[in-house]
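The sequence and the model are shown first.

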Amino acid sequence: MTTSERQPDAPGASSAVTGINPRITAGIRYPVDGGIPGEWHLRIIRSDVPAGRVTGFETSLLDDEIVFISPDDVKELPRFGCQIADQIVLTREPKFVGDAIAAVVAPTLKDARVAASLVEVSYEQRTAVYDELAALRDESPLVHERHHTSESDSAYFDMRPQDGTNVCHRFRIRTPNLRGREEVAVVTDLTDPDEPLADAFDDAEVIVDEVFQTPAAAHVPMEPHAANAQWVDGRLEVVTGTQTPFNMRQDLAGIFGIAAEDVRIVVPPMGGAFGAKTFIRTEAITALAARLTGRPVRCVLDRDEVFNEVTRHPATVRVRLGAKKDGTFVAKRIWAYVNTGAYADCGPGVAQKMGYAGVGPYRFDHVAVDSYCIYTNLPPGGAFRGYGAMQSVWASERVVDMMADQLGVDAVELRRQNLLREGDTFCTGEVMHDAHFEELLDDAAAAVDWKRDGDRAGKGVAIMLKGMQTPSTAEARIELLPDGRYEVQAATADMGQGASEMLTRLAAENLKCETDQIVVCVPDTDRVPYDTRTTSSRSTHMMSRALEEAARDLIEHGRVGHGHVSNDGGLDPDTGQGVASSHWHQGSASADLVVDEDTGVIALSTLYASSYAGKVVNKHGAELQQEGSMTLGLGTALFEELQFTEGQMTNPNLSDYNIASALDVASISHRVMELPGAEVHGLGETAVPPVPPAIGNAVASLGYDVRQLPMTPERVLDARREQEES
Amino acid sequence: MNLTLRVNGRSVDVDVEPTTMLVDVLRDQVGLTGPRVTCGVGLCGTCTVLLDGEPVSGCILMTPLAVGKEITTVEGLPEDDRVVACFDKHHAFQCGFCIPGMVLTAREMVDKGHAGDREEIREGLGGNLCRCGCYLKIIDAIEEAAR
Amino acid sequence: MTWHLPTSVDEVLRLRADNPEAPIVAGGTFLGILVRQGLVEADDWISLQNVRELKGLGDAGDLSVGAMVTHRRLELDPKVFGVWPGVSAAFHAVASPRVRNVATMGGVLADADYASDPPSMLVASNAVAEVASIRGTRRIPVENLIVGHYSTALEEDELITRVLVPRPTGTAVYRKLRTRSQEDRPASSVAAVVSGDTVRVVVGAVSDRPHHFPDVCAEWKPGDETSARAIGEEYASRIDYIDDNRGSAAYRRRVVGVEVRRALMAVGS
């Protein structure tokens, strides 16, 4: 295939790529491939205890040239955190097994490993708590004494920390009639009768009230976290894999007490991220090591460290759904207990998203949600593809099926009857526009040959909505280069979702030129304008608008064009009213399967997802994101689970933690729903949340009511046994 | 110990301990970036290299075991390699981290006639994990390459 | 560190006798994992990579498998596949082509990893290991070779040189139960091999070693579901199970009987 044969439209067509895409032939360099001459290597020393105090370090065996960094070296540095400022670069009071308590820096990686193994640490252990509900009991230890909201721009909504408890943020939704009641600050009991709001269900003739659980899970980016830091003329330069360069720049500036302009973050294309590479991970300790040693420093995490670095929030979700006998939904009450582990990270944001996604794309007279972001002594939860929606949609869509069972009605028809339509109001008070839920529902049902009121044994459907981060800002610049090509300068980080392809195509479309006239510069905070971050499936949508403006500006003014767009909104944390999302990610899924009744093994014949995309920029990219989301959803549903003993992760490796292989995806098919003239809708996550409940509903239709993910064969057999006994 | 390895058609002298794994010597001393380390236990396939045309896990292969064999990494495939072209045509990649391993595995599958249908291709790819979830397009690419 | 490259079994045995701490490297996959994790360290390493006499595969009478024959060869060799399909199936079930290209017959037995596919089929097939040391050679039925968690009946200085698998006179079935991804180690590994009217059923991957109960197998009535079920239940009740990520002990207790029953119905038909 030669350059001249390359169609601009062809798969793989991207920024100034001629010939075969370099990702296929190892022609690009990932953060893990990079190195700076003269660099030293950092190894983090981590806590063996889940909670307590480091009483001493024994470092006498270290060679003279090894640099040992202890919590004393960071005493002056302020706390940080993207939403709650609860983190410290090195802590003397570890809060989870794996918490960074010290570091060694050495000329070679081997020397650093040896050095780390020679440091002895003594601890004074304290009581730890691991379960999100146990952490709410009066007798449980407080993981953090106080909750300080962060000044970071990632704290884009008001926090409601519950002082004196392990709840660092509480998000509530209260539709108009349910406000101003006397309520406890935090509901700590899963069987709470909910008296203050009980009248919300007065008109409900049937009520389903059930509890569901999801465990911690691992992102498993194929490339580990890799960061380099060096100080050049008083400026900090960091090359790292991160989805959040500007947040990181601001946070590092805050930590080191320098201006944001004196921090430079450069982001090479990453070997996967899925949320694991967000906010500060190893960059602060690496930067500190570079400052203390006066050399460039490199830090690459081992696979078990990647597992422990950040997880998907475990959650317990209780859903109470009330409906009339004719199927009309009346009220929904949700309590989401989000286990954010030892540090909040973006847990508050996840709790918020989990809260409103759990309501689902349905009309209600009354909605009340309490979503609590709860500290425990587990490794921290953070951004994970789906961002909280999966945990509550799992519960919610299972409950809808249970309601259909109770009412004796078809599960698809019950949904159809209550789905939000164009112009309807969501529980946040916002009006739904560009809503396509019915079409998505029908599509999913058809994929498994669902017959209305027919035999649906082995079949399940689910439908959901999730939000795109609101508010947020995206800026982009396009510059005309001397050679006549155009350079796009945007902070969208490339983690496999096709960022540079997307930016290339959008720029070319707006400038009305060929894609080979476009180059995209690597996200470098010295060179690209501000963008909130590359998460939440927002980049294609936001950048499509920013680039449109930048192109217009360039065409009008000559050499450089600048686009600056934002989506305004946000939710009141006490009522959940406002604008949760400037537009909605809408998706459905369905499954057709059999369960081996002797072994509990689930065998899928069809796993289908349908997602609303609006306008698609890169067809192959959209399909890949959809397939990838479904594959992750499949693993989530059937076998992904992090396990802990006394707070220690016991399966931080790919043998003991399974992810889906090529052998697992034979049943997958999907549709990316396009609509000419519509705006771009992000697709990066949409097909994750509906997959587990679609499978769960299919499994339940065969008599196995599994409440806890993953639906392992053992849980399936146990579910039937419980049913037989009751 | 000093060893001579045959890498992508050239002889390369390396200085290793017996316990140095092939993937590390290829990255650190030969300067290649195609073979990578993800799981470190030979399970996921990002460290795949071909030894005399057969895929092996470079992350757990002690380097002396590779002496006397032709080591091929993705960088050693010819520019017009058909498997590579098919991966490109089908856009069978996202982040790309697993792809060199996939390509080498596919190369052998196609060469040895083990890519007869999608089922067989799936089986042959079982040990190459892709977290981005590109399996469907990768199978499409290999199906075409085998035709 | 020294990497020894003997070219004959005699040389290997002498080297091993001189360096009792030196690990013997066959395919090197299991060892490689341990070395990479820093769990095995040594100054001397004895590699079998150039020992030609360990790489032979003979199929004239019994199947004669040199210790260095790879899983991949056993999986793909037409004669093995044609005459010893159970052996071929069990080796094919292991991991991925990359692992099978390198892992060996001798290695998988010497490692005695409980979560492994081939041992149950080799025991069910009445395989015998030939074992050598400077003191001479002996034969150990594979059934007696794996004695516990990562432990074998081998003396410190003994080397498996080849494994003999009798020519089958009846059908063989291998069942691998996967409880997570389809690409996974076995949650249970059941092999059933028929010889005339008798069957050898072996259950592996659920306990520290494979289990065979000939007294229970003696009750087998080919093709009879009741007898198959009874044998399954008796097997299930006798085994001491391991908990791991592929299944708890309780789960294994529930499914071993099922897998045994299914294997017996498959060979019985």
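In this predicted model, four salt bridges cross the interface of chain A and chain B, a salt bridge being a side-chain nitrogen of Lys or Arg within 4 Å of a carboxyl oxygen of Asp or Glu. One of the residue pairs joined in this way is A:Asp33 with B:Arg27, whose closest N and O atoms are 2.6 Å apart. Chain A and chain B also share 17 residue pairs in polar contact, both residues at pLDDT 80 or more. A polar contact is a pair of N or O atoms within 3.5 Å; within protein, one must be able to donate a hydrogen and the other to accept it, and residues adjacent in sequence count only if both atoms are side-chain atoms.

On the side of chain A that touches chain B, helix α11 (residues 619-638) of chain A supplies the largest share, eight residues. Helices (H or I, at least four residues) and strands (E, at least two) are DSSP runs, numbered from the N terminus. By class, this side of chain A has 25 nonpolar, 14 polar and ten charged residues. Here Ala, Val, Leu, Ile, Met, Phe, Trp, Tyr, Cys and Pro count as nonpolar, Asp, Glu, Lys and Arg as charged, and the others, Gly among them, as polar.

The table sets out the buried area of each interface. Buried area is the accessible area (1.4 Å probe) that two parts lose on being put together, summed over both.

| Interface | Buried area | Share on carbon and sulfur atoms |
|---|---|---|
| Chain A and chain B | about 3,900 Å² | 65% |
| Chain C and chain A | about 1,600 Å² | 43% |
| Domain 1 of chain C and domain 2 of chain C | about 1,800 Å² | 54% |

In chain A, the residues that lose the most area to chain B are A:Ile24, A:Met222 and A:Leu624, together 20% of what that side buries. With contact taken as heavy atoms within 4.5 Å, 49 residues of chain A meet 39 residues of chain B.

Chain A also touches chain C, with 20 residues from chain C and 20 residues from chain A in the contact. The rule finds four salt bridges across this interface, among them that of A:Asp596 with C:Arg262, at 2.7 Å between the closest N and O atoms. There are 13 residue pairs in polar contact between chain C and chain A (both at pLDDT 80 or more). Helix α12 (residues 249-268) of chain C gives the most to the side of chain C that touches chain A, with eight residues. That side of chain C has five nonpolar, six polar and nine charged residues.

Three salt bridges cross between domain 1 of chain C and domain 2 of chain C. A salt bridge also links the side chains of C:Asp117 and C:Lys176 (3.2 Å, N to O).

Residues are numbered from 1 along each chain as its sequence is written, and chains are lettered from A and ligands numbered from 1 in the order in which they are written. Local features need pLDDT of at least 70, side-chain atom pairs count only at pLDDT 80 or more, and totals for chains, interfaces and linings use all residues, while side-chain values use heavy atoms, with hydrogens and water left out.
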